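I opened a structure that was new to me and kept notes as I went. Here they are, in the order I looked things up.

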Amino acid sequence: MKFTQLRLAGFKSFVDPTDLRIDPGLTGVIGPNGCGKSNLLEALRWVMGATSAKSLRGDGMEDVIFSGTDARPSRNHAEVVLTVDNEDKLAPARFNDADSLEITRRITRGAGSAYKINGEEVRAKDVQLLFMDAGTGANSPALVRQGQISELIAAKPQNRRRILEEAAGVSGLRARRHEAELR
Ligand code: ATP
Ligand code: MG
């Protein structure tokens, strides 16, 4: 799965709509302290279905919404759109014909998050599984937060196993089994 574009609006410091093209190969993000480099990575994790506010450096999920500055009022929504190619056909079957997938997550104050694939409403689980099956996702070990290395070293064996399972690409299977067991 290749990521081709990231669009943010009202997400953390990216209050105005911001479009980033993601070209093949390595992408570097450079800029002065506090310019929003880490926020970009968090936007990527968030649109893939992150459920932990702490991993997004917030106390609650609504902390990702632009909270205002002296010059600008706060917002009521945050939205991130990630465009990926659809070569691997990992999305639910009704999206098989599309060449690319536009995954949208939008949060509204007091109303929680809503997810879409190519404009159609889907469950958080659909988005999370799509990225897990592609060997990535909100908890992917490829996205390394500050402090995560020391967390890994100090982790309990069960938690360390979860990290290794993510790396091995079997966490999508585990999530599906869990869902099947709940039925
Ligand atoms: P560093 O080089 O220090 O790691 P960085 O480029 O990674 O910096 P970020 O941590 O991504 O910077 O951005 C921090 C900025 O984002 C701060 O100015 C902070 O006030 C702002 N910010 C974070 N959350 C919000 C929010 N909900 N609303 C508005 N601004 C926010
Ligand atoms: Mg940073």
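I began with contacts, meaning C-beta atoms, placed from the backbone, within 7 Å of each other. Among contacts in the protein with a separation of 6 or more, 54% join residues 24 or more positions apart.

I noted the ground rules next. This is a predicted model, in which local features need pLDDT of at least 70, side-chain atom pairs count only at pLDDT 80 or more, and totals for chains, interfaces and linings use all residues. Residues are numbered from 1 along each chain as its sequence is written, while chains are lettered from A and ligands numbered from 1 in the order in which they are written.

**Overall build**

I counted 5 helices and 6 strands; these are DSSP runs numbered from the N terminus, helices being H or I of at least four residues and strands E of at least two. Along the sequence I read β-β-α-β-β-β-β-α-α-α-α. The C-alpha atoms fill a box of roughly 50 × 45 × 40 Å along the principal axes.

I then checked burial. A residue is buried if 20 or more other C-beta atoms, placed from the backbone, lie within 10 Å of its own. Buried residues make up 25% of the 183 residues.

**Helix α2**

Which residues of α2 are buried? In this helix (residues 124–133), I found V127, Q128, L129, L130, F131 and M132. Their cover includes β4 (100–108), β5 (112–117), β6 (120–122) and α5 (171–182). After α2 comes G135, with a positive phi near 80 degrees.

I also looked at how α2 meets α5. They pack at about 150 degrees with axes 8 Å apart; axes are lines fitted to C-alpha atoms over the stretch in contact, and angles run from 0 to 180 degrees between N-to-C directions. From α2 the contact takes K125, Q128, L129, M132 and D133, and from α5 it takes S171, G172, A175 and E179.

**Ligand 1**

My last stop was ligand 1. Of the 14 residues around it, S13, N33, K37, S38 and N39 come nearest, where a residue counts if its C-beta atom, placed from the backbone, lies within 6 Å.

Technical notes. Buried ≥ 20, exposed ≤ 12 C-beta atoms within 10 Å, placed from the backbone. Contact = placed C-beta atoms within 7 Å.
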